[in-house]
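Dear colleague,

Please find below the structure that I am handing over to you. My notes on what was found in it follow directly after.

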Amino acid sequence: MTFHLQPQFGKRKGTKLTCTLLLAAQFIAGAPFLEVAQASNPALGSAVKTSNADHTVTGSVKDSEGAPLAGVTIRIKNSKTGTTTKADGTFTLNAPTGKETLIISSIGYKTQEVSVADRKIVNVILVSETSSLDEVVVVGYGQQKKIHLTGAVAQIDMKAIEDLPVGSLSAALVAQQPGVGVSGGFARPGDPATITIRNPSMFSKDGGTLSPLVVIDNVIRSFDDFNTMDQSEVENISILKDAAAAIYGARGANGVIVVTTKRGKTGAPRFSYSTSIGISDAKLPKMMDGYQLATYRNDYNAGTTNTSLLYSQDELDYFKTNSQSWLEQAWKASYTTRHALNVSGGTEKATYFASVAYNQQNGNFDKINFDRWSFRASADVKVSKNVKASLGLSGDVSTKDRYLLKQGGTSNEKDFQSLLYAAPFTPAYYNGLPVSLLSSGANTNENFHFFEAQKSNNYLMSRDNGLNINASLEYDAPFLKGLKARVTYNRNMENSFGKEFGTRYKLYTFTMLGANKHIVGGDVRSIATVSNSNRIYYAPSYGDSYQLNGYLTYDKTFGKHSISVLGLFEQGEAYSDGITSYLDNLVDNALDNAGYALGGTASGAGVGTISESESESGRLSFVGRINYNYANKYLAEVSVRRDASTNFAPENRWGTFPSLSLGWVISEEPFFKDNVHWVDQLKFRASVGLTGMDNTRAYNWLQSYNLIQTGNGPVFGGNLDRAGIFRLKNAMPNRDLQWDDATKLNGGIDASFLKNRMSLTLDGFYDYRYNMLTTLTSSVPLTVGAALPSQNFGTVAAFGTEISLGWTDHINKDWSYKVRGFFSWSDNKQIKVDYDQGLKGTYRDPNGRSTDMGFLGLKSMGILRTQADLDALLEKNPAYTIYGQKPQVGMVYYQDVRGAKSATPDANGNYSYAEADGKIDDNDLQYLTNKKDNHFGFGLNFATTYKKLSFSFNLGGSFGGQDIMESGARSWGTSAQLAAITNLPINLVDHWTVDNPNAKYPAPAFRAQNGLDSDFWFVSSFTLAVRTLNVSYELPQTLAQKLNINSARVYLTATNPLNLYNPYSYKYWGSTFDVYPTLSTFSLGLNLNL
Amino acid sequence: MKKKYILWSALGAMLSLASCESVLDKTDLNAASPELIAGDSVLANIALNYIYNQNLPDWGGPTAVSGIGGSVYTEESYNQGTGQNKFLEGAVVENDVTDFGTALNATNNYGKIRTINTFIADLEKDNLMDKGAKSRLIAQAIFFRAWRYFELVKLYGGVPMITTPQNAVGTEAINAAFVPRNTTTECFKQMSADLDSAVKYLPSTWITPAANWGRITKGAAAALKGKILLYAASPQFNPTNQASKWQAAYDANKAAYDILTASGAKLITDYGKIWFTEVGNTEAVFVTGYNTSVGDQQKRNSGWEAANRPRYSTVSGGGSNIPSWDLVKAYPMKDGKKPGESKYTYSDLLFFKDRDPRFEKTIAYNGCTWPMSNIPNNRLWTYLAAGKSVENGGVNVSNTGFYCRKALQTSDVAGSTLDPSNTIFSGTDWIEIRFAEVMLNYAEAAAAVGKLDEAYTQVINVRKRAGIEAGSDNLYGLKANMSTTEMAKAILDERQVEFAFEGKRFWDLRRLRLLESTLNGKRGTKAVISLKTTGVPADFATTRDGMKLEDVYTNYFTIALTPNGLMSRPAINYLPKYYFFALPTQALNNNPLLKQTNDWTNGTFNPLE
């Protein structure tokens, strides 16, 4: 190592904060930073005035972010005199007259000409060359010049996402690229977004994923690992959408996200700090108030003889002025904080990089919290002339806190739902006592009270630590130029500690006031002890995996031919183990420590369990690839991968996955180049490759029993505890199981026009997936009576197009702008599909149709508003029933389309339906729309910079499907909700009654009939929203220099600031109204480069 | 040079690792192999435990997936719900009875059957286990297979009889797995054969009953066989009254009676305490165990206690299974004769006076002494004062004025482990087949084959235990010299009160094809007991507990019988086609070889074959 320490740290006029952070970073990186002090000095360095005839010019070259650039060539125009910048970006050059023009050039940057004009100091900022031929794209196991790319590879503009205050990296990719779908990630703190690429499909139900494979620094990692990274540690994200993913063989069918992390760059230490603080809030769903809900319930109960169910007039009047939303009482704006700090630098011999990032986000309910530290440090060292070594260490530490609300299940959404659904006429507290919401005669002691659980410090917490070590050694063969050998070893360790703590609390019921005893009040009638699990629960686990790679690469250019060859092997093993354990029966006012759990009942029986889950897996692969190009004009790539995985039986383990892609850069052809001047570049490319997916549970090829469990055992011997059981884990082995296969075809055009101002990328793809791992459910008789193992069965062809069109230009010297729009469409066709044989030939036969067959429902004919409407219906159709129920006034009624399905098929094996029979039942369902999901997506990215001010936004939208109001917004979604007096969305206030026959929505009483899926409840599925927005201002250089920094930028960023189209009356974003809503976050940030 | 060594040794290390396929030598660390389990009687017993848990009926007896069979489906307790009940209202459509299954599922009826079949097949493959232990394990599993099929055949008639685990990997196997419905006769034959095998290998009693109480015995298998053959002979399956079916039922039930008697089965002396002896209960033939544990993994609590107690928060009940006036009326008088035919005078106002002692032990009524919540002389008051129930401050009150008190642990039960503030942790075991049922099954079959004296003996024994007066003719209120038909009716009436709230009534009426004639057109009746507006002492509310009940009723109460339930709902309307339900449409779509049950849309399957 050749870093040299300089004892001049104290001279630095930095802030105290900076010093502290520097020390911290230094500690992590294990490398000295003290050159920072030196780095910024030259800029200020006073040029000594000389009287020499020769004019000495000094100066520095920096990139647009203010980082010094080393090795930049500075040449005097029309002469051979020149120099290069030093590691700190400075240069000194003799200019004979002082009138010369300097040509400043560096690979990857736009060459500039600067006139010296008698200046002694010339500072230059080089702008990186975006559409240059030299732009490099990261692909599987390597990188390629963009011009040589033959696959559909999308690159994320890291600059566009660097400031976003997101809790997971996936969320930052929203509305960035066509064909890359991002969902979730903007609601509950710590809940990550998910990504899908090009409409993948999956038919296995025993494992597997639709998420793409994640590869970080050439190591296959989990999607979680991707999400725990901070933008600031990522150099590049490429998304392999087509056969380019075939290099990842049996796991590449869903596409691949290839991430490279930042490494040190030669040059003076470069220090960057970014911080932001944001505020997140959401528009809450609009629910009924107490009076509206009581009225609705009265209208529901209109037919009852049990008058005590009804809310009397005095009660209704009381609720008019005494109504509260529990949700609004609990909800408040939340805050996000982000700090990201990194440093990099080095010499020709060694470079280093280190970063620390901290993300914190609290919830909109007290005590929900998420925070995460991500750190990364790496050093690349040239050990000798031919050997390079690098070592990297990265990791994350995160904590996620949420509520434990155990009563009646433990969905994460219990907090939001219990508050949202709380009857608004029931106050949370009466006379300071927590009120029991329970009003129907449930035979259980359990009930919810969010605020009491909140007070009791009941929580569900997880703490995750990840540590990753990456080491590699690269050898440049001296005996054959272009031959390199490399070994990399990566070890990944994850630890997780989950803990749940739930106590008991007391709830009160009162003798109640009001004529029918519906107003909370009076004396305490009873006190119930509610058990919020009454338990302390632990779930620690760890995972340990490694990946070992050996590479041989050979690059050679001879004449116009250039070839590069890659051969590698890869092996990996993973092991994980975890236990879950708990103790019941906490003492009153217990703290969250097992020492407060009695762990037994009054009768002394032990209450607590421990269970272990342990797994191991292994994989082995061999990969070969050859890239060839002729004169940057004809491009070809061939690759093949052999993969083995322990998910399959030994004799079926290995699979082979070849791919081929070709490109033709027509714009390099003389006949084109010389004739079509407005086109700067035009490339046609095509790819075909075989990939796979191991979407299944491991060891499906063995029949097995689960290890001994309790909880599902019988009771013998009177009052003994449940006996233990063995239960079939895999009831039916499938030894023949193999990878599923996906042939990916892609054709595309990359073009730029009009002096590279306009760029176009066009792709069409056709993914033919066959032998798909399918969990058969319909084409197997149900008398088999088991969850089946996956079988290689289904065939689906997915296809679509992606178009992206950009325009980059400037209006004048100070004002530039960039706009890019993209559009995507995708759909698929089921060729071999698991379906009920008895539906062959009917409207529900999925053969040859898309997995999205449209919206299945009844065609509504409106509401039977008057007796006349009903009479007219019955006159035409005397036996008319809706699922056995006679139609009544106030009900939604439906079109009768068919009668019963024939019992036997016709000669062709097709079934048909009888004529309409006057009865509405499942036979009358139809696909009401062509599509249910939005198959068209579009986005618009706009950015403009005026002098130091930049503004950008991303717009995302989709259309083509059909939405419907949630069942909970049509009436009570379940009878349990009805019984528990759950609140309803505001839209239902306008419901049919005798006095309001022209209401928008039907009478409450016919919950089951009205709530059926039908076009009555349709709403548009069109979406259009501003997903991100950024305004930033860079401090003028002069001011920055005064502050002793290279550059500084302040910014305001927003995620989900605006929904431009909302067809719902009771909610703001399209997600289900009874879950934690999509948050809009506005954050203010600062970015410093020292 | 040193650097070179490092490099080459690293490359060497890499290659040595690479050459090794041991990377792929992995196992499922979280599972046990079937060979391991089937070869060891201890482990196999643990696997059998799951079969027990999946198949033992819940408290209150088996109901179909849709819930049919509970007390609200008969006149025991009328429908209180605000919603529609399709079964009661004649609105059942093809998709409503889903017990057959609507999809592949490891826990529905065919899923449970597969678990049983796999267990049997794995054990039969094995050569390691002791033969005796193996046959006892298989016999228990095979009992539950018959039980499972009985629950299906009861609903639909014949269903596909799967007795080996079907394979469904690969086209060939899948095609072979499609099978049609077996005839009902074939199903009964298979169930009967399975139970014969169970009877043969099962012990009369299990050793160490303290640990094994609740396991299936020889007697339980014989009793189930008797019950199944009684169904096969009953009009639902035997509308033409073929004598051979009755003879088979008689043989099976007599055999069950004899096997059980020989192994010590007999009626518990006190009708009110049948439910409170668990291990060694001489009347319990087929039992589902419940415990008082509270831990999630350990507990299997009976919901009955909490469900049926009144809805006072002090006793934390749910007020389910509320008795109707019709049931109150169904009880005979103390001498075993019906009200009006008895020597004891009956009046609606004094409905509780001089009744069959089982009445008092099954139904709680206004003014009765019901020692709950550790109050020994607690009295239940449900009357209306000024039109409003005095019960529980007028909130969450009984809709008929009555409560079910069968099998509820009150504080007078010796050795009660129940904590009245935590009734959800009740451990009262459910007795699916009581010896009394075996006796009445035997009596019914005996009467049908003309052995009326055997029938008399059994019914009299049941009545004797109930506490009914013997009478001068020692017939305990039974009419002398009854015909077969009269005896059958007497047994049905006996079953109605003996087994009230035990989930038998609906299935009895259905197997006898008496649903429509007994229930149609009814809405149920409740007794509205009101405090008189005049002549009542001002301190009545505080002094009533000390008064004699008969005087209270005579002096201060009026009784009015009014229709119960929601008038907006139609009266009961069972349809004849409900004697055999339709297979769900999804099941027919799934397997085109299945034929729909006769009388339903496109139905061509005759369940009477």
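Predicted model: local features only at pLDDT ≥ 70, side-chain atom pairs only at ≥ 80, totals over all residues.

How many bridges join β24(A) to strand β25 (residues 483-510) of chain A? The two strands run antiparallel and are joined by 18 bridges; strands (E, at least two residues) and helices (H or I, at least four) are DSSP runs numbered from the N terminus, and two strands pair if DSSP finds at least two bridges between them.

Residues are numbered from 1 along each chain as its sequence is written, chains are lettered from A and ligands numbered from 1 in the order in which they are written, and side-chain values use heavy atoms, with hydrogens and water left out.

Strands of chain A

The interface of chain B and chain A

The contact (heavy atoms within 4.5 Å) takes 112 residues from chain B and 114 residues from chain A. About 9000 Å² is buried between the chains, and carbon and sulfur atoms give 58% of this area; buried area is the accessible area (1.4 Å probe) that two parts lose on being put together, summed over both. Of the area that chain B buries against chain A, 9% is supplied by Leu24(B), Lys26(B) and Leu104(B), more than by any other three residues.

Two salt bridges are found across this interface, a salt bridge being a side-chain nitrogen of Lys or Arg within 4 Å of a carboxyl oxygen of Asp or Glu. Asp28(B) forms a salt bridge with Lys729(A), with the closest N and O atoms 3.1 Å apart. On the side of chain B that touches chain A, helix α1 (residues 2-18) of chain B gives the most, with 10 residues.

Strand β1 (residues 31-32) of chain B pairs with strand β32 (residues 704-709) of chain A in the antiparallel sense over two bridges, and Ala31(B) is the bridge partner of Asn706(A). Three strands form an open sheet in the order β33(A)-β32(A)-β1(B), with antiparallel pairing. β33 (725-730) of chain A and β1 of chain B stand at the edges, each with a single partner strand, so one side of each is left without a neighbour in the sheet.

Salt bridges in the whole structure

A search of the whole structure finds 77 salt bridges over all chains. One of them joins Arg535(A) and Asp584(A), whose closest N and O atoms are 2.6 Å apart. This pair links distant parts of the chain, with Arg535(A) in strand β26 of chain A and Asp584(A) in strand β27 of chain A, 49 residues apart.

With kind regards
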